Amino acid sequence: YEPALREVCEACGYAVDEYVAAQGGFGGWLTHLDRDGQRFRLFWNGKAKQLALEHLQDQGGWIELRSAAADDESLPGFVNAVRTILENRPGEG
């Protein structure tokens, strides 16, 4: 999934800094992103079946910007979910 996830993140204007896939029964992955000098992380929680985008705060710590349930865990399903969550720019709702 990594190449396709990198591609969709970059198409939405984010530079991919790192991608980590978790091992285990539930599956999961984490992508660290940069955009305009700001740090973000996008991750899939396989146990909760939740996709979330978080922003690194200046004072430290992460704040959730958006999250969404993802019912389709296929590659096209993840690509569409990532595109949807990233196209809505942070701070725009």
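**View 1. The β1–β2 pair.** Seven bridges join β1 to β2, and the two strands run antiparallel. Strands (E, at least two residues) and helices (H or I, at least four) are DSSP runs, numbered from the N terminus. Strands count as paired if DSSP finds at least two bridges between them. A15 has D34 in β2 as its bridge partner. The model is predicted: local features need pLDDT of at least 70, side-chain atom pairs count only at pLDDT 80 or more, and totals for chains, interfaces and linings use all residues. Residues are numbered from 1 along each chain as its sequence is written, and side-chain values use heavy atoms, with hydrogens and water left out.

**View 2. The open sheet.** Five strands take the order β1-β2-β3-β4-β5, with antiparallel pairing. β1 (15-22) and β5 stand at the edges; each has a single partner strand, so one side of each lacks a neighbour in the sheet. From one strand to the next, the twist averages 15 degrees.

**View 3. The β4–β5 hairpin.** β4 and β5 pair in the antiparallel sense over seven bridges. L51 stands opposite A68 in β5. Five residues lie between the two strands of this hairpin, and G60 in the turn has a positive phi of about 105 degrees.

**View 4. W62 in β5.** W62 lies in strand β5 (residues 62-69). W62 is partly exposed, at a relative accessible area of 30%. The classes are buried (under 20% relative accessible area), exposed (over 50%) and partly exposed in between, with a 1.4 Å probe and protein chains only. Not counting residues up to four places away in sequence, W62 touches R39, F40, R41, E54, H55 and L56. Contact means heavy atoms within 4.5 Å. R39 is 23 residues from W62 in sequence and 9.6 Å away in space, C-alpha to C-alpha.

**View 5. Helix α2 against the sheet.** α2 (residues 75-87) has 13 residues. G77, F78, V79, V82, I85 and L86 of α2 are buried. The buried residues of α2 pack against α1 (2-11), β2 (28-35), β3 (38-45), β4 (50-56) and β5.

**View 6. C9 and C12.** The disulfide count comes to zero, where a disulfide is a pair of cysteine sulfur atoms within 2.5 Å. The sulfur of C12 is 7.1 Å from the closest cysteine sulfur, in C9, too far for a bond. C9 is buried, with a relative accessible area of 1%. C12 is also buried, at 9%.

Conventions:
Expected span 1.5 Å × (residues − 1). Axes fitted to C-alpha atoms, helices over the stretch in contact; angles between N-to-C directions.
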